[in-house]
Amino acid sequence: MHDDRRGPLAVPQLDDHDMAALLAALAGGSSRVEHCQLKNRVVWIKRYQRLGARIGQRLQWLASRLTGVTILRPAPLLDPQGMLDREVRQINAFSAAGFKTPQILYRGTTALVLSHLGLPVSKQMGALRDKDADGHDALLVRCAAELGRLHAAGLCHGRPHPRDFIIDDGAFCFLDFEEEPAAVMPLAMAQARDVWLLFLQIASRALKPETPDRAFAAWKLAAPAETAVALSQIMPFFARLLPLARFLLRIQNGQDLVRFVAATDYLTSATQS
């Protein structure tokens with residue numbers, strides 16, 4: 001595939017009818033991410049016109065500078081073209097390492113068209129929550145295991161979440177590569193940040209009490225030793241925030257606080273034992 005940043009990039013898997021429908025969707029739509037139904041497939045359009053939450057990122061930078069905590073640094077602020085380039089670069093890196101990612105079907109100057117891979121793990125979990133606790137939690141353990149494999153390959157996802165993972169006919173797939181923490185911190189620390197972010201979901205959504213232990217063991221089975229060390233080094237910072245988070249929970253039971261307390265409490269204990 002020829003990568004020409006000066007103009008659109010298309011691959012010959014789309015016939016003239018599909019290309020016409022796709023170009024109409026690209027020109028007529030405005031959503032950040034939307035699906036497009038072609039003749040025999042669904043594809044996803046991802047646009048990069050917006051610059052994202054720049055205020056939030058700047059606050060992260062300020063917090064990192066004030067506290068000296070590297071883990072808080074956000075990915076570099078980029079314009080839309082830079083955001084698109086970063087996503088393409090990450091997709092190519094993951095694919096080259098043998099991990100399944102969406103195929104880039106079309107590349108414009110401010111949008112990508114990506115292949116459809118299947119139902120996100122988060123939606124699969126939703127269907128299992130009230131009828132199959134074992135199956136529900138097995139998905140969380142699989143996410144942790146695959147993140148460990150990813151880290152062993154020298155890669156970092158940036159913001160791992162069940163909504164950005166797909167399991168289709170047994171194959172595990174990665175989505176959404178907008179973050180690149182390894183650009184602003186050592187790889188081991190960026191990977192440790194991955195673990196903490198994923199456990200915001202695992203520790204708070206697990207239905208069975210043993211699931212976080214199983215998930216952590218599954219991640220650690222493949223993960224680099226230096227990443228496990230980095231995780232143990234960053235957890236004391238988050239642990240110092242636990243009393244404040246628990247106090248705030250008594251005032252308002254927000255889901256972000258619940259996830260923070262669950263993940264931080266669990267990983268603090270797990271990395272000390």
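First, the ground rules. The model is predicted, so local features need pLDDT of at least 70 and side-chain atom pairs count only at pLDDT 80 or more, while totals for chains, interfaces and linings use all residues. Residues are numbered from 1 along each chain as its sequence is written, and side-chain values use heavy atoms, with hydrogens and water left out. Helices (H or I, at least four residues) and strands (E, at least two) are DSSP runs, numbered from the N terminus.

I start with α5, residues 133–152, and α7, residues 211–222. Their axes come within 7 Å and cross at roughly 20 degrees. Axes here are lines fitted to C-alpha atoms, for helices over the stretch in contact, with angles from 0 to 180 degrees between N-to-C directions. That makes the pair roughly parallel, a label for angles under 35 degrees. The crossing of α5 with α7 is right-handed, meaning that the near helix is turned clockwise from the far one by less than a right angle.

Which residues of α5 meet α7? They are D137, L140, V141, A144, A145, L147, G148, R149, H151 and A152. On the α7 side the partners are T211, R214, A215, A218, W219 and A222. Contact means heavy atoms within 4.5 Å. By type, the residues of this contact divide into 10 nonpolar, 3 polar and 3 charged. In that scheme Ala, Val, Leu, Ile, Met, Phe, Trp, Tyr, Cys and Pro are nonpolar, Asp, Glu, Lys and Arg are charged, and the others, Gly among them, are polar.

Staying in α5, H136 is one of its residues. H136 counts as buried, at 2% relative accessibility; buried is under 20% relative accessible area, exposed over 50%, and partly exposed in between, with a 1.4 Å probe and protein chains only. Beyond its neighbours within four places in sequence, H136 touches M125, L128, R129, R205 and L207.

Next, α8, residues 225–239. Its 15 residues reach 22 Å from first C-alpha to last, close to the 21 Å expected at 1.5 Å a residue; the expected span is 1.5 Å times one less than the number of residues. Buried in α8 are T227, A228, A230, L231, I234, M235, F237 and F238. Their cover includes α5, α6 (187–205), α7, α9 (242–251) and α10 (255–272).

As for α10, its 18 residues should span 26 Å, and its end C-alpha atoms are 26 Å apart, which agrees. Its buried residues are F260, V261, A263, T264, Y266, L267, T268 and A270, and they pack against α6, α7, α8 and α9.

Now the loops. D169 has a positive phi of about 55 degrees although it is not a glycine. It sits in the loop between β6 (165–168) and β7 (171–174). Is D169 buried or exposed? At 81% relative accessibility, D169 is exposed. D176, also not a glycine, has a positive phi of about 65 degrees and lies in the loop between β7 and α6. D176 is buried, with a relative accessible area of 16%.

Last, V113 in strand β5, residues 111–115. V113 is buried at 0% relative accessible area. Setting aside neighbours within four places in sequence, the contacts of V113 are L22, L26, V43, W44, I45, Q103, I104, L105 and Y106.

Notes: Parallel < 35°, antiparallel > 145°, perpendicular 65-115°, else oblique.
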